[in-house]
Structures are given as C-alpha cells and as structure tokens.
Amino acid sequence: MKKPTTTTPIPTNRIVTLDEFIIRSEKDFDYATGELTGLLRDIGVAAKIVNREVNKAGLVNITGAADGAANTSGDTQQKLDVYANEKLIECLQNSGECCAIASEENDDIQLIPPVGSKKSHYVVMFDPLDGSSNIDVNVSVGTIFAIYRRHSSADGPATVDDFLQTGLKQVAAGYVLYGTSTILVYTTGRGVNAFTLDPSIGEFCLSHRNMRIPNNGKFYSVNQGYYSKFDLEMRRYIDHCSDQNYGLRYIGSMVSDIHRILIQGGIFLYPSTRKYPKGKLRLLYECNPLAFIVEQAGGKAINSQLRRILELEPKELHQRSTIVIGSPDMVDELQAFIERYSALPL
Ligand code: AHM
Ligand code: MG
C-alpha cells in the first residue's frame with residue numbers, strides 16, 4: 001500500500017543504481033518491511049543472469065526448441081524460455097520474500113518454501129521470456145513481471161485465488177528488455193522509471209526518470225498479416241492508420257513494441273482472430289503488468305469491448321485477452337472506431 005504524499009529525493013547529479021533506487025523508495029510504502037524491496041532486487045538479479053545467457057545465444061547450445069516441451073497454452077517452449085523460468089524461480093526462492101509464483105510456462109502455481117521463520121505476503125507472476133520465438137534470429141525479447149499482495153493468511157500456503165486479482169491490485173510491475181542495451185522498467189504505482197544495465201559494472205543504472213508516454217504517436221503496431229481475420233472495426237482502424245501515413249512497426253515481441261511506444265508514442269493492438277477468438281496475449285502475465293506501466297506513464301489500455309484491462313476479473317491463470325494499449329489519444333481514436341463499427345454489443 002502506498003502512503004499518500006511522500007516523495008523520495010533521488011539524486012540527479014550522479015549514478016543511481018537500481019538497488020539504491022529501490023531502497024530509497026522503500027519508505028514510500030506503509031508496510032515497508034523490506035519484502036517488496038527484496039523481491040525487486042531478486043528480480044533484478046535474475047534479469048542479469050538471463051541477460052548473460054540471452055547474449056550468449058548462438059555461441060552455446062541454448063537456442064531452439066526445448067526437447068518435446070510445450071507450455072500450458074500449447075506454445076512451443078524454447079530452451080531459453082525454460083532457462084529463464086528456472087532462473088527467476090531460483091532467485092525468488094533464495095530470499096523467501098515471495099510465497100508463490102505463477103509463470104506463463106507452468107500449468108499451475110508453484111509454492112515457494114519459507115526461508116527460516118519469514119512469512120511472505122507477496123506472490124509474483126511472470127512471463128520469463130516474452131517473444132521467445134525471436135531468439136534464434138537475434139531479435140529483442142523480454143521478461144515481464146507483476147507482484148501482488150496475497151489475499152490468504154500468511155500463516156498458510158498461498159492459493160490460486162491469491163493470483164486471480166484484478167490488475168488494479170498490482171503492487172509493482174515491470175519488464176526487462178534484452179535489446180540493443182538491456183533495460184529494466186518498473187512501477188510501484190508512483191510513476192515509471194527505467195534502468196539500463198551497464199555491463200562494465202554489472203549494475204542497472206537509472207537512465208529514464210518518470211517516463212511519460214507521448215499523447216500521440218506516428219506508429220501503429222499490429223500483426224497486419226491477420227488483417228482479413230480481424231473484425232470490421234479493427235480493419236477500419238488499420239485502414240485509417242494507413243490513410244494517415246502512420247508507420248507500421250511490429251517486432252513480434254510485445255515488450256519491445258511497448259517500450260518503443262512508451263518512448264516515442266504509438267499504439268499496440270492484438271485483437272481477436274479466428275485462431276485466438278479471445279485474443280492471444282495472457283491477461284495475468286502480459287496484459288496487466290504492461291497496462292499498469294503504460295497507465296502509470298499516462299497511457300491507456302483497454303480490450304476490444306472497451307473495458308479497462310486493469311479492471312478485468314481474471315477467472316483462470318492462463319486467461320487470454322484482446323488488448324489495445326498505448327498513447328491516450330490513439331487509444332481514444334481506436335475506441336471511436338469500435339463504437340462506430342463493432343457488430344457486438346459493447
Ligand atoms: P510468447 O509469450 O509465447 O512469446 O507470445 C507473446 C508474443 C508477444 O510478445 C507478441 O506481441 C506476440 O506474441 C506475437 O504474436 P504473433 O506472432 O501472433 O503476432
Ligand atoms: Mg509472452
């Protein structure tokens with residue numbers, strides 16, 4: 001829970017590492033027991049380990065599909081998906097700051113054994129390597145995470161219900177983009193800050209303070225190959241983007257597309273298709289954390305029925321959702337197309 005007013009002065013005249021930033025921000029939280037701080041640090045460590053392996057992909061035998069593996073959504077698991085999943089779980093286990101995790105790569109929640117007498121109040125959800133079909137061709141991938149305070153008593157084991165909370169209940173969310181540089185972006189509901197990994201010192205250093213998404217942009221981001229499978233309102237909006245000479249940018253790795261939109265403005269859509277009538281992206285692992293970050297930066301995120309992503313009630317761990325996310329004016333513009341052309345009652 002956040003205190004209403006506190007702001008923590010963060011130095012502007014010298015390097016601020018992720019650890020220092022997290023510790024300085026800790027007193028903004030009522031509970032401030034250090035649990036959340038510890039969790040964010042654990043995730044930072046896991047990100048460095050995954051980054052090291054992603055950078056070596058191609059040199060060591062870690063590209064390609066994992067042997068016979070498919071995740072619960074039926075997607076082929078890459079070796080690096082499995083590696084990143086294991087490393088995140090390992091790092092979160094070490095400190096005992098989290099009592100359970102749910103991963104896009106696992107069917108069910110996984111309980112984390114307590115460390116000593118520590119009682120943890122947090123659960124963590126993540127997509128360990130988003131856009132992993134891009135690894136073999138050296139295109140950016142990312143890790144996405146969301147942290148929630150559990151509903152259930154800290155005296156017993158966590159339950160699935162601890163994970164089935166609306167995105168509004170997120171205590172923190174973030175992503176790590178393994179791109180031309182590696183950058184960790186996160187929010188605890190007090191704005192969005194980004195930390196670029198300086199490989200020479202092995203530290204994430206504050207590089208983008210209080211990120212604000214531009215109100216408008218010149219790029220739209222959608223898999224236009226599915227154009228004929230989209231509903232009329234989406235096709236009309238895409239036609240409109242083309243009429244307006246908006247540029248099309250689609251990396252196939254949502255973290256990368258969202259990162260560009262955070263910095264340059266724009267809109268990202270993944271509407272329903274015949275293959276994915278409810279949308280492809282997962283509400284808990286992808287849509288909610290990215291919606292929290294984008295909203296914190298001044299953007300908007302809704303589904304194709306014009307419902308705010310963060311207010312959707314999850315019914316199951318691997319639930320999918322349609323999504324429209326990005327610069328506020330562009331999301332409003334698309335909303336007008338949905339209101340005008342949708343055949344479904346809104
Ligand atoms: P993944 O979590 O299995 O990697 O799938 C999610 C990814 C997103 O990063 C990306 O935006 C989307 O799937 C691309 O899907 P498509 O190839 O259907 O456009
Ligand atoms: Mg993903």
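This is a predicted model: local features need pLDDT of at least 70, side-chain atom pairs count only at pLDDT 80 or more; totals for chains, interfaces and linings use all residues.
Residues are numbered from 1 along each chain as its sequence is written, while chains are lettered from A and ligands numbered from 1 in the order in which they are written. Local features need pLDDT of at least 70 and side-chain atom pairs pLDDT 80 or more, with totals for chains, interfaces and linings using all residues, and side-chain values use heavy atoms, leaving out hydrogens and water.

Q: How many helices and strands does the chain have?
A: Helices (H or I, at least four residues) and strands (E, at least two) are DSSP runs, numbered from the N terminus. Here you get seven helices and 17 strands.

Q: Which residues coordinate the magnesium ion (ligand 2)?
A: Donors are N, O and S atoms within 2.8 Å of the metal (3.2 Å for Na, K and Ca); water is not among the atoms, so sites may look incomplete. In this model, Asp127 (OD), Asp130 (OD) and Glu286 (OE) coordinate the ion at 1.8 to 2.2 Å. Along the chain, their spacing is D-x2-D-x155-E.

Q: Is Asp127 buried or exposed?
A: Buried means under 20% relative accessible area, exposed over 50%, and partly exposed in between (1.4 Å probe, protein chains only). Asp127 is buried at 1%, and Asp130 is buried too, at 6%. Across the chain, buried residues make up 56% of the 346 residues.

Q: Which residues have the most contacts inside the largest nonpolar core?
A: Such a core is a set of buried Ala, Val, Leu, Ile, Met, Phe, Trp, Tyr and Cys residues joined through side-chain atoms within 4.5 Å. The largest one has 41 residues, and Val124, Leu129, Ile147 and Tyr186 have the most contacts inside it. Helix α2 (residues 35-56) gives the most to this core, with eight residues. A second, separate core of 33 residues includes Ile183, Leu281, Cys287 and Ile325.

Q: How many salt bridges turn up in the whole structure?
A: Side chains of opposite charge can pair when their charged atoms come close. The cut-off is a side-chain nitrogen of Lys or Arg within 4 Å of a carboxyl oxygen of Asp or Glu. The search finds 15. One joins Lys300 and Asp332 (2.7 Å, N to O). Lys300 sits in strand β15 (residues 300-302) and Asp332 in helix α7 (residues 328-341), so this pair ties together parts 32 residues apart in sequence.

Q: What about Arg24 and Glu20, where do they lie?
A: Both are in helix α1, four residues apart, about one turn of the helix.
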